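Me: Could you walk me through this one? I'd like to start with the terms and then go to the helices.

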Amino acid sequence: MEWDRPGGKVLKLRMILIWLRHKQEYTVLVTNVPRRVLTARQVGEVNRLRWQIELVFKEWKSYANLHAFTSAKTPLVEGLIWASLCAAALKRTLAHASQCAGQGIAISTRIVAMCGAYILYNLLRSMLHGFHRLELILHRIVAYLRENAARAHPQRDRRCGRMRFGLEYVGVKP
């Protein structure tokens with residue numbers, strides 16, 4: 001599709017239809033990337049990877065309590081937002097560390113985000129007391145996450161999910 005724009009410019013867009021077998025319907029994508037750069041299939045794959053970024057934002061909104069601030073004081077709200085994002089980053093780091101130490105277990109970052117209050121309490125308590133027994137607490141967190149936060153369908157993810165593009169879980173052997 002092409003549209004004339006002010007200043008003699010032309011906007012060129014491609015519309016791509018991708019059949020979703022599991023939903024028995026098409027999804028429509030529109031891009032300005034020419035065919036010579038990305039095929040329709042590649043545009044679809046890039047869109048699926050982009051969706052992972054959307055999931056991070058959803059995780060932050062759902063599990064970082066970014067919606068729960070009830071203060072009119074801007075510096076306080078900003079501080080709470082940064083603290084929430086730091087906690088989200090810490091939970092994600094613990095998820096990946098657990099995966100690396102997990103003997104082949106793929107860890108769900110969503111599940112780790114949901115159990116943040118449980119896993120962060122002892123960690124923060126240790127930090128407030130001069131990192132007392134920090135190594136033991138980290139080992140317990142990793143063991144807890146390996147037991148309780150494993151991805152439900154890692155083989156399916158490799159076959160038709162987010163890992164089908166050749167990405168690998170951090171620290172997990174294929």
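Reply: On angles, those under 35 degrees count as roughly parallel, over 145 as roughly antiparallel, 65 to 115 as roughly perpendicular and the rest as oblique. This is a predicted model, in which local features need pLDDT of at least 70 and side-chain atom pairs count only at pLDDT 80 or more, while totals for chains, interfaces and linings use all residues. Residues are numbered from 1 along each chain as its sequence is written, and side-chain values use heavy atoms, with hydrogens and water left out.

Me: OK, at what angle do H4 and H5 cross?

Reply: The axes of H4 (residues 116–128) and H5 (residues 134–148) cross at roughly 175° and come within 9 Å, so the two helices are roughly antiparallel to each other. Axes here are lines fitted to C-alpha atoms, for helices over the stretch in contact, with angles running from 0 to 180 degrees between N-to-C directions; helices (H or I, at least four residues) and strands (E, at least two) are DSSP runs, numbered from the N terminus.

Me: Which residues of H4 and H5 meet?

Reply: From H4, Tyr118, Ile119, Asn122, Leu123 and Ser126 meet Leu134, Ile137, Leu138, Ile141, Tyr144 and Leu145 of H5, where contact means heavy atoms within 4.5 Å.

Me: Switching topic, how many helices and strands are in the chain?

Reply: The chain has six helices and four strands, and along the sequence they follow the pattern β-β-β-β-α-α-α-α-α-α.

Me: And what box do the C-alpha atoms fill?

Reply: Taken along the principal axes, that box is roughly 65 × 50 × 25 Å.

Me: How much of the chain is buried?

Reply: Of its 174 residues, 22% count as buried, meaning under 20% relative accessible area with a 1.4 Å probe and protein chains only.

Notes:
Buried < 20%, exposed > 50% of the residue type's maximum accessible area, 1.4 Å probe, protein only.
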